[in-house]
Amino acid sequence: MNKQQYQLLTGGGVQAWNKWRAGEGVSSYVDLSGADLTGADLREAALHEANLNGAILRDSDLRDANLSDAILCWAKLNGANLACANLHRANFRSADLSGAILRWANVSQASLREASMDFADLTGANLSGATR
């Protein structure tokens, strides 16, 4: 995990994070693997192509976040709100999405292999091309 990136996201908030991603962080490798983001407010966060392997995102608010092409293998997303999030081509292999809200999320072409999705709300979600 990149501690500076973690501190920017958790200390500076989503607005500062997105500004960094759009500017100098545009070509940066984002490594938040193993980060504890339990209950974090990450609405509209630019987390595309981020390494979130093993991250703890329990009960986090990720509504409208961009997680396209993100790596979320073994991540803990139980109870997370991913409504309207862009999860296109994200890798959720062995992730825990139990009780997660994915209403109207774009989950197209995502890998959900071995992911736990008990009681996940997939109402209106786009699952075209997603693998299970």
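Guide: Partly exposed denotes a relative accessible area between the buried limit of under 20% and the exposed limit of over 50%. The structure discussed here is a predicted model.

Visitor: Is Cys84 buried, partly exposed or exposed?

Guide: Residues under 20% relative accessible area are buried and those over 50% are exposed. Cys84 has a relative accessibility of 41%, so the class of Cys84 is partly exposed.

Visitor: What is the relative accessible area of Cys73, and how many disulfides does the structure hold?

Guide: Cys73 is classed as buried, because its relative accessible area is 7%. A disulfide requires two cysteine sulfur atoms within 2.5 Å. The number of disulfides in the structure is zero.

Visitor: Which residues form the aromatic pair, and is the pair stacked, edge-to-face or tilted?

Guide: The structure contains one aromatic pair. Its members are Trp17 and Trp20, with ring centres 5.1 Å apart and planes at 45°, and the arrangement is tilted.

Visitor: Why are Trp17 and Trp20 separated by about one helical turn?

Guide: Trp17 and Trp20 are both buried. Both belong to helix H1, which covers residues 3-22. Because they are three residues apart in that helix, their separation is about one helical turn.

Visitor: Where is Asn51 placed, and which residue has its backbone nitrogen 3.0 Å from a polar side-chain atom of Asn51?

Guide: Asn51 is located in the segment after H1. With a relative accessible area of 10%, Asn51 is buried. Not counting residues up to four places away in sequence, Asn51 touches Tyr29, Val30, Asp31, Leu32, Ser33 and Ile71. The backbone nitrogen 3.0 Å from a polar atom of the Asn51 side chain belongs to Asn53.

Key: Residues are numbered from 1 along each chain as its sequence is written. This is a predicted model: local features need pLDDT of at least 70, side-chain atom pairs count only at pLDDT 80 or more; totals for chains, interfaces and linings use all residues. Side-chain values use heavy atoms; hydrogens and water are left out. Buried means under 20% relative accessible area, exposed over 50%, partly exposed in between (1.4 Å probe, protein chains only). Rings of Phe, Tyr and Trp (its six-membered ring) pair if their centres lie within 6.5 Å; planes under 30 degrees apart count as stacked, over 60 as edge-to-face and the rest as tilted. Helices (H or I, at least four residues) and strands (E, at least two) are DSSP runs, numbered from the N terminus. A polar contact is a pair of N or O atoms within 3.5 Å; within protein, one must be able to donate a hydrogen and the other to accept it, and residues adjacent in sequence count only if both atoms are side-chain atoms. Contact means heavy atoms within 4.5 Å.
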